[in-house]
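Here is a short walk through a structure that may be new to you. Keep the sequence and the 3D view side by side as you read.

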Amino acid sequence: MIYSEVSGTLIKILVSKNQIIEEDTDLLVIECMKMHIPITAKKRGKIIDIFIKEGDLISEGDKLLEVVYDF
Amino acid sequence: MSWKKELEEKLIREKLSENLGGKERVKKQHDAGRYTIRERINILTDKSSFHEIGKISGSATYDENNDLVNFSGSNFIFGNAKIDGRNIVVGGDDFTLRGGSADASIREKHLKCEQMALSLQLPLIRIVEGSGGGGSVKTIETTGRANVPEVEGWNLVVESMGTIPRVALGLGSVAGLGAAHLACSHYSVMVKEKSAVFVAGPPVVEQIGQKLTKNELGGYEIQLKSGAVDAAVDTEEEAFNSAKKFLSYLPNSVYQLTEQLSTEDNPNRTSEWLIDAIPRDIKSVYKIRPIIEELVDKNTFFEIGKEYGKSIVTGFCRINGWSIALMASDPYSYGGCWTSDTCKKVQKFVDLAETFHLPVIYLVDCPGFQVGLDAEKKGTIKEGVRAMSAIWQTTTPWLSIIMRNCFGVAGAAHKRGSSYISRCAWPSARWGSLPLEGGIEAAYRSDIENSNDPKAELEKITTRLNKLRSPLRSAETFLIEEIIDPRNTRKIMCEFADLAAPLRKIGMTSRTMRP
C-alpha cells in the first residue's frame, strides 16, 4: 500500500490499474507548498488499485495506491 | 595453602551464569531468530575483548551445609570491551531470564553500567530486550510489596546524554523502562519484523480497547515515523554495524575531539553535473541525496532518522577526513518546508553536533515553515522557535550553503543571529520574507484589484519583482557574502572543515542535550 507522506492536491496520476511499475518510476504528482512532488515507486511492483482521482485534496497518511511487489 | 578452591567455586558460578535462562529458553530465543545477550556481545565487540563486570552476581541457592546447589546469573550483563580497537562500555538484557524484567535483575548492575561509562568517559552501547530491568506485575509477589515508582539512576542517563555517546539497540520486544532506554540515546536501532517498541505491549493496550499485534502497535514503521527510533535494519549483525558506524564519527566523550582520517578523495574535486542539479522550474523538485554523496568524502555519508521529519536530511559525514554534521533540505517532503517533526529533528541533530563538537554544514532549500491547518494543529511555530533557539545556542563552526529557497523565519534559521558563520549561495538561490508566488497577491492586493486587467497586472508586478530578486543583486549589497559555482562546492566545504577543526573546543556544553 502506498500512503501519502504529504498533504496537498493530487494533480497527476501517471499509472493505471494492473500496470507493472519499475523502481523509481513516478506514479503520482502532488502539489504541495506550491511544489510538484512526485510519488515514486520504491521497488518493482504491480498497481492493483487506485484510491484517488486528479484534483483530490490529499492529507498525510491517505491511502493512494495498492501495489503488490511479489507477483 | 593456595586459594585455588575458591577460584574453582567462582568458575563454577561463572560457568552456570553462561547458561542464561536455561537450554529451553535459549532455544526459544534462537527459534525466534534472535541471538542471546552473550552471543550479541561477542558479535558486537572485538574478539576476546569483553571484560564482564559482576559475572557471578545473580541468584544462588544453598543446601543445609551452605554448599551451592544452583546459581542463576542476573539478567543484565555488562562490562567494558573494544569495538574496532576502541574502548566502549556495553550492557544488555538477557531476555531468556524473566524477559529482562526487574524480577531477575540486580538494579545496582544497571546503575554501575551507567556510572562506568560516564566515569570512564567511554561510549555506551545498551542492548535492550524486554522491559530493560523495569518492573512487571509479578514483582509485587516476588518482593512482597508494591513499590513507589522511581527510576533510580536516571540522573546518570541524563548526564551522560551531555557527556558520552549513547547508542541503544532494541533487538526484540521492548517495553516500559526498556523503551525509555532505547529512546534515551543519541542513536537507536531496531531490527525489522523482530523488534517492537512500546510504552506497554498488546495485552495492556487491549484493556483500553485496542486489539493490535506487536508490529501494529510498535513495529519499526511506526517508531521510525514517530521519531522514537532512528533506524531499522534487517538483521542483528546490521544493527551492530550501524552502532559501530555511528560511533566512528564521534569522540569517546565531550572531553575529546575527533581526529582527521586520511582520505583518498581530492578536496579540490569538482562536480560538473552540479551546475544542472537545481531545476530552473521552481515547482520542480530534485533529489538531495545524490548531491550530498557527491560533495562529501566518497561513501562517508551516514544518515540518521531517514523516515522522520523528512524535509531535512541529517547525518554524519567526512569532509577532507574531518567528521562533520550535515543537514540538507529535501524538497521531496513539503518542498523542503519545516514541519513540526522537521523542527524536532533539527533540534536533536543540532544539539548532537554541539555536544560532540562537530562542525555543521547546512545545505539550504527552505521555503519556510509548513503552512495550513495541519501545520497549525501540530504546533509548528512552537517547535520552529525551539529549533531556531537550538541553532542560536550553538557555538560550533557552521557553514550554510543556500542552494535554492531561503524564505521567512524558518529560512532565517540557516544562521544564528549576528554571530559569525561561513555562508555562500548557489546562483539558483532565491530568498525573501515570503516567496513571491503567493506573496504578491497579498502585498499588492489593491493594485491588482483596482486594475482593469488584474491578471495582467499580477504578471507585470511578478516580472518586475523577479528581476529584483536575483541573488547577484543581493550580493552587490553584501546581503549574501558570496555566490559560488556549484561545481566547486566540495572545495568550499573542505576548506571550511580545515578552518573549523582548530576552533573546536572540548568540554560539556552549558545546556546539555535532552534525548
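Among contacts in chain B between residues at least 6 apart in sequence, what percentage join residues at least 24 apart? The figure is 73%. Bear in mind that this is a predicted model.

Start with chain B as a whole. Its C-alpha trace spans about 105 × 55 × 40 Å along the principal axes. The chain has 515 residues, and 45% of them count as buried. Its secondary structure comes to 21 helices and 17 strands.

Now pick out two of the helices. Helix α13 of chain B covers residues 340–355, and helix α15 of chain B covers residues 380–392. Two packed helices are described by the angle between their axes and the distance between the axes. Here the axes come within 8 Å and cross at roughly 20 degrees. Angles under 35 degrees count as roughly parallel, so α13(B) is roughly parallel to α15(B). The crossing is left-handed. Which residues of α13(B) and α15(B) meet? On the α13(B) side they include B:Ser340, B:Cys343, B:Val346 and B:Val350. On the α15(B) side, B:Thr380, B:Glu383, B:Ala387 and B:Ile391 are among them. By class, the residues of this contact divide into six nonpolar, four polar and four charged.

Turn next to strands in chain B. Strands of a sheet pair through backbone hydrogen bonds, either parallel or antiparallel. Strand β4 (residues 76–83) of chain B pairs with strand β1 (residues 51–53) of chain B in the antiparallel sense, over three bridges. β4(B) is also joined to strand β5 (residues 86–93) of chain B by eight bridges, and these two strands run antiparallel. Look at B:Phe78 in β4(B). B:Ile53 stands opposite B:Phe78, and B:Phe78 also stands opposite B:Gly91 in β5(B). β4(B) and β5(B) form a hairpin with two residues between them. In the turn, B:Asp84 has a positive phi of about 50 degrees.

Chain A has an open sheet of four strands, with the order β1-β8-β6-β3 and antiparallel pairing. Its edge strands are β1 (2–3) and β3 (20–21) of chain A, each pairing on one side only. β1(A) pairs with strand β8 (residues 63–68) of chain A over two bridges. A:Tyr3 has A:Lys63 in β8(A) as its bridge partner.

Finally, bring the chains together. How many residues of chain B are in contact with chain A? There are 16, and they touch ten residues of chain A. The chain B side has six nonpolar, six polar and four charged residues.

Definitions and conventions. Residues numbered from 1 in each chain as written. Chains lettered and ligands numbered in written order. Predicted model: local features only at pLDDT ≥ 70, side-chain atom pairs only at ≥ 80, totals over all residues. Buried ≥ 20, exposed ≤ 12 C-beta atoms within 10 Å, placed from the backbone. Contact = placed C-beta atoms within 7 Å. Nonpolar A, V, L, I, M, F, W, Y, C, P; charged D, E, K, R; others polar. Axes fitted to C-alpha atoms, helices over the stretch in contact; angles between N-to-C directions. Parallel < 35°, antiparallel > 145°, perpendicular 65-115°, else oblique. Left-handed = near helix turned anticlockwise from the far one by under 90°. Pairing = 2+ DSSP bridges.
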